Every structure is written in C-alpha cells, then in structure tokens.
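Keep the model open beside this text. The walk goes helix by helix, then to single residues and backbone details.

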Amino acid sequence: MAALEELSLAQARRIALAAQGFADPAPTGVPTLRHLRRVLDRIGLLQVDSVNVLQRAHYLPLYSRLGPYPTDLLDRAAYRRPRALFEYWAHEASLVPVRLHPALRWRMAAAREKAWGNMRRIAAEQPELVAWVRDEVAANGPLTAAEIEHDAPRQTGHWGWNWSVVKQALEFLFWSGEVVAASRSNSFARRYDLPERVLPAAVLDTPTPADPDAHRDLVRVAARALGVAAEVELRDYFRLPVAAARRAVAELVEAGELTPVRVRGWKPPAYLHVDARLPRRIRASTLVSPFDPLVWERSRTERLFGFSYRIEIYVPAPQRVYGYYVLPFLHGDRLAARVDLKADRKTGVLLIPAAWIEPDADPGETAVALAAELHRLAGWLGLGAVAPPAGGDLAGPLAAALTSLAGVR
C-alpha cells in the first residue's frame with residue numbers, strides 16, 4: 001500500500017489484522033501444510049505454554065486464522081522431518097521457523113550472561129554436571145529430564161523453582177543452543193537431543209550473522225507481522241535489547257522497509273511496513289488465544305482496540321475480574337466480547353464460566369456470532385455440547401443465542 005503520513009485508528013486496526021492473517025481467505029477444505037505455512041509467514045512464531053484448560057496455546061493461533069484444522073499438522077511441522085519449526089526462547093518459549101535459527105544465535109551465545117538466574121548459576125557452579133548432562137543426551141537422546149535424572153549423580157540435589165539441577169542444566173543447554181527439543185512427551189515434557197540430529201543440515205550450515213544483522217532480521221519479521229507498530233512492539237516481538245532494536249528500526253527506515261507514520265490517538269510514533277495492506281473490511285469472527293501475537297502486547301491491544309486485557313491465570317480467584325482463561329472474541333475488526341472457557345473433557349462439554357460484552361458492541365449481534373463460534377470451537381476440540389454461560393453481562397443474550405442455535409441444529 002502507498003505510505004500514508006497519518007492513519008486513522010480504524011485503518012491501523014485493519015492493517016494490523018491483515019498483517020496477522022485475519023484478512024486471508026478461509027481454506028475451502030481441510031487445511032493443509034500450505035495453509036499452515038501461510039499463517040507462519042504472517043505471524044513469524046507461535047508462543048508455547050503448558051496451560052491446557054482449553055487447548056495448548058500454540059495450537060490456537062492457527063485455529064483463529066484457519067478454523068478447525070488437524071492439530072497433527074502443527075505437530076508434524078514442529079517435531080517430525082522435514083521440520084519447519086523449532087522450539088526456542090523467541091518471544092517467550094516459542095515455536096519458530098527453522099530459517100530464523102541463525103538470527104537467534106546471538107541469544108544462544110549470550111546464555112551465560114542472559115539466561116535466567118538458576119540456569120546461569122548451574123553453568124557457573126556445576127560445569128561438570130552440565131557437561132555430564134550434555135554427554136547423556138549425546139549418547140542416549142532424545143531424552144526427557146526425568147529420564148536423565150534417573151541416572152543422575154546422587155549429590156546433585158534439588159533447588160530453585162522445584163526444578164532439579166538436571167532440568168536446570170538441560171535448560172541452560174537449551175538456551176545456549178547445545179541441545180534442542182526433539183519432541184514432546186504425553187505430559188508435555190521436552191525430549192532433548194543434539195541440534196545435528198534434529199535441525200536441517202542446511203540451517204545449521206548457514207553462517208551466523210553479525211548481531212546487528214540478526215537484530216535487523218528479527219525486527220523485519222516483527223514489522224511484517226504487525227503491519228503498523230510502535231517501536232516497543234517491534235522490540236517486544238522477539239524480546240530484543242532496547243538499543244539493538246532501536247538501531248534496527250532506524251536502519252529499516254533508512255532502507256525504505258519501514259515508514260514513520262502517525263496513528264490518531266496514539267502517543268508513540270508508529271512505523272508502517274512496506275508490504276502492509278489496508279483491506280476495505282475485515283470479516284473475521286473468531287476467538288483469540290491469550291497467547292496470540294495479535295494481543296500479547298497488552299498496551300498495543302488497548303491502543304488498537306480499546307480493549308483492556310490481562311490474563312488472570314495467576315490472579316487469586318476472588319480478585320479476578322473476568323475469569324481464569326479468558327479469550328477475546330474478534331468480530332469484524334473489533335474485539336467485541338470476552339469469554340472465560342474451559343474444556344470439560346470428561347463430560348464432553350465446553351463450559352462458559354462467564355461471558356462479557358465490550359462497551360461499543362451490540363449484545364444481540366455479538367451473542368449470535370459468538371454462539372456460532374463456540375459451537376465451531378467445541379467441534380474442533382472434540383466436545384459434543386456447549387453449556388450455557390454461568391455469569392457475565394453477556395450471559396443472557398449468549399444463552400438465548402446458544403438455545404436458538406441448538407434448536408436450528
């Protein structure tokens with residue numbers, strides 16, 4: 001699109017949603033690897049999280065953009081040859097396209113200074129243990145931490161975060177790139193192995209870029225994925241150092257890949273990616289994960305959508321405002337509602353502890369669209385029914401819409 005000196009908030013929303021893949025046509029049949037790659041080309045990475053009250057976090061962004069898809073599609077891309085993705089610390093724990101491995105090696109090289117405290121401590125205080133753990137992986141991998149702990153020296157003990165020192169050593173080796181995640185166990189534990197037995201040789205043979213080049217590559221991915229963004233959001237996408245990200249943004253502006261723009265109502269300056277599109281409208285109607293890149297930078301979510309969003313998993317129950325695992329509902333180009341969800345797999349029911357309408361959204365229209373989406377989500381999760389909402393100011397309209405939809409079905 002032609003660069004604009006100033007964007008309205010509505011234009012910025014549509015640009016951001018298009019950049020994230022919400023303006024792409026839905027698959028006409030069962031989504032394929034081609035569709036998965038299209039989404040990954042848009043968003044650049046998938047955040048991984050162990051919470052499974054509904055569905056694990058890395059599966060949901062694909063659902064939000066593709067609709068019901070076979071989750072084995074993502075499992076194959078991440079954990080079977082030829083691998084399209086690998087696990088690493090990118091935004092948080094993430095699945096990242098393998099082509100970005102060279103651009104993240106600066107973080108691997110800085111593990112002794114930048115890894116979390118317990119990992120740094122184990123590397124500094126027990127280097128012989130770290131070497132022993134790496135040798136175990138080399139000789140017998142892929143292995144989980146529990147499988148290595150079974151044979152670990154007795155004097156290792158336990159400390160910090162309830163992680164054994166073996167787990168801490170493995171996580172240091174993972175941060176430094178000396179081991180990678182070969183797969184995940186049924187309990188979601190990583191199975192570790194050597195990079196040369198997991199990652200494509202062509203990726204490992206790619207020369208390591210200089211740090212400024214790597215930072216620029218990562219900001220480029222973030223800028224394309226966000227469409228229009230403030231500097232803090234370009235930096236946050238891959239959790240880059242402040243000075244490095246600032247320099248990368250300036251270099252991309254100079255190269256013509258980013259254009260400084262004003263977004264009405266935003267205090268921070270914004271940057272528009274050269275390939276950003278401005279669709280006339282967004283027709284999305286889907287639930288969005290708390291860990292979706294569309295919403296994970298909460299100040300951006302508030303500036304773009306007027307949607308104040310905090311995940312309340314770690315908030316004591318009496319202090320929660322909206323619920324334990326609350327998903328925004330994207331309807332058109334607005335976040336029109338939020339709904340607390342839980343998959344009750346024993347009974348095969350999608351539970352709705354609460355549903356809430358946003359101030360500018362129409363409750364009736366939103367409830368009808370949300371009811372259809374909840375049935376679609378339940379079907380994808382293998383649940384046979386959707387329970388009426390138990391609370392929230394959208395509970396009445398949503399219960400009526402669910403009842404009406406059930407009658408039609």
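A residue counts as buried when its relative accessible area is under 20%, and as exposed when it is over 50%. The model is a predicted one.

Start at helix α8, residues 127-140. It has 14 residues. From first C-alpha to last, α8 reaches 20 Å, close to the 20 Å expected at 1.5 Å a residue. Its buried residues are Leu129, Val130, Val133, Glu136 and Val137. They cover an arc of only 120 degrees around the axis, which puts them on the same side of α8. Turn to the face directed away from that buried side, and you find the exposed residues Glu128 and Ala139. What lies over the buried residues of α8? The cover includes α7 (117-125), α9 (145-149), α10 (165-175) and β6 (190-193).

Take α10 next. Two packed helices are described by the angle between their axes and the distance between the axes. For α8 and α10, the angle is about 75 degrees and the axes are 9 Å apart. The two helices are therefore roughly perpendicular to each other. On the α8 side, the contact is made by Leu129, Val130, Val133, Arg134 and Val137. Facing them from α10 are Val165, Val166, Ala169, Leu170, Phe172 and Leu173. By class, the residues of this contact are ten nonpolar, no polar and one charged.

Helix α10 also packs with α7. Their axes come within 8 Å and cross at roughly 95 degrees. That makes α7 roughly perpendicular to α10. From α7 come Asn118, Met119, Ile122 and Ala123. They meet Val165, Gln168, Ala169, Glu171, Phe172 and Trp175 of α10. Seven residues of this contact are nonpolar, two are polar and one is charged.

Helix α12 (residues 211-226) packs with helix α14 (residues 242-254) at an angle of about 70 degrees, and their axes are 9 Å apart. This makes α12 roughly perpendicular to α14. Pro212, His215, Arg216, Val219 and Arg220 represent α12 in the contact. Their partners in α14 are Ala244, Ala245, Arg247, Ala248, Val249, Glu251 and Leu252. Which classes do these residues fall into? The contact of α12 with α14 has seven nonpolar residues, one polar and four charged.

Now go back to helix α4, residues 72-79. This helix is mostly covered, with six of its eight residues buried. Those six are Leu73, Leu74, Asp75, Ala77, Ala78 and Tyr79. They pack against α2 (33-43), β2 (46-47), α3 (60-66), β3, β4 (93-97) and β5.

Leucine 85 lies in strand β3, residues 85-89. At 1% relative accessibility, leucine 85 counts as buried. Leaving aside neighbours within four places in sequence, leucine 85 is in contact with Leu40, Leu74, Ala77, Ala78, Leu95, Val96, Pro97 and Val98. Serine 183 sits in strand β5, residues 180-184. It too counts as buried, at 17% relative accessibility. Not counting residues up to four places away in sequence, serine 183 touches Tyr79, Ala189, Arg190 and Arg191.

Glycine 391 is a loop residue, between β14 (385-386) and α17 (395-408). Its relative accessibility is 19%, so glycine 391 counts as buried. Apart from residues up to four places away in sequence, glycine 391 touches Pro353, Ala354 and Ala355.

Last, check the backbone. Most residues other than glycine have a negative phi, and most peptide bonds are trans. Which peptide bond is cis, with omega near -10 degrees? The bond from arginine 81 to proline 82. Proline 82 is in the loop between α4 and β3. Glycine 141 and proline 142 are also joined by a cis bond, with omega about 5 degrees. Proline 142 is in the loop between α8 and α9.

Phenylalanine 188 is not a glycine, yet its phi is positive, about 75 degrees. It lies in the loop between β5 and β6. At 12% relative accessibility, phenylalanine 188 counts as buried. Arginine 239 has a positive phi near 55 degrees. Its place is the loop between α13 (231-236) and α14. Buried or partly exposed? At 34% relative accessibility, arginine 239 counts as partly exposed.

Methods: Residues numbered from 1 in each chain as written. Predicted model: local features only at pLDDT ≥ 70, side-chain atom pairs only at ≥ 80, totals over all residues. Heavy atoms only, no water. Helix = DSSP H or I, 4+ residues; strand = E, 2+ residues; numbered from the N terminus. Expected span 1.5 Å × (residues − 1). Buried < 20%, exposed > 50% of the residue type's maximum accessible area, 1.4 Å probe, protein only. Arc of directions from axis to C-beta. Contact = heavy atoms within 4.5 Å. Axes fitted to C-alpha atoms, helices over the stretch in contact; angles between N-to-C directions. Parallel < 35°, antiparallel > 145°, perpendicular 65-115°, else oblique. Nonpolar A, V, L, I, M, F, W, Y, C, P; charged D, E, K, R; others polar.
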